[in-house]
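Subject: Structure handover

Hello,

Here is the structure I said I would pass on.

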Amino acid sequence: MSKMLVVAFAVGAVVFLVLDALWLGVVGRGLYQREIGALLLERPNFGAAAVFYVLYLAAMTYFCVMPGLAEASAARALINGVLFGAIAYATYDLTNLATLKGWSTTVVVIDIAWGAFATAAASAAAVAVPMRFVS
């Protein structure tokens, strides 16, 4: 694996994880409590979360970051990130809306927007940083 791809994966992972930690732990915490609090565990299942993040970051790298690196374009990674993030988060949220009692349409809309934003930002950074600093 090339040095650029390793750095890109690391940058994308850090950006996505920091953004998601801020979202889940600070910004969106009240929203989730208010909208779906009865469905939430007292303590998250960190094992399941770790598996999600590994799989999601690998897929984000493949579908968003690698095309951006191939074109030397953070804009390509950003566009792919918006689409990939929106589709991935829509899959989760719309499936929950279709199958769970009490799933919030407010959460659906906000989560899809969040997934699009966070994945786009992480993907663009994952291309821009190594293009600038890795030879």
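One term is needed before the notes: two residues are in contact when they have heavy atoms within 4.5 Å of each other. Please also keep in mind that this is a predicted model.

Overall fold. The protein contains 5 helices and 0 strands. Read from the N terminus, the order of elements is therefore simply α-α-α-α-α.

Overall dimensions. The C-alpha trace spans about 50 × 25 × 20 Å along its principal axes.

Contacts and surface. Of the contacts with a separation of 6 or more, 77% are between residues 24 or more positions apart. Buried residues account for 37% of the 135 residues. The exposed surface comes to about 7800 Å², and 71% of this is supplied by carbon and sulfur atoms.

Charges. There are 7 positive and 6 negative side chains, and the centres of these two sets are 8 Å apart.

One residue in detail. S123 is part of helix α5, which covers residues 105–133. Is S123 buried or exposed? Its relative accessible area is 0%. Buried means under 20%, so S123 counts as buried. Which residues does S123 touch, leaving aside its neighbours within four places in sequence? S123 is in contact with M60, C64, V65, A77 and G81.

Regards

Key:
Residues numbered from 1 in each chain as written. Predicted model: local features only at pLDDT ≥ 70, side-chain atom pairs only at ≥ 80, totals over all residues. Heavy atoms only, no water. Helix = DSSP H or I, 4+ residues; strand = E, 2+ residues; numbered from the N terminus. Buried < 20%, exposed > 50% of the residue type's maximum accessible area, 1.4 Å probe, protein only. Areas by Shrake-Rupley, 256 points an atom, 1.4 Å probe, with all protein chains shown as cover. Lys, Arg positive; Asp, Glu negative; His and termini not counted. Charge placed at Lys NZ, Arg CZ, Asp CG, Glu CD.
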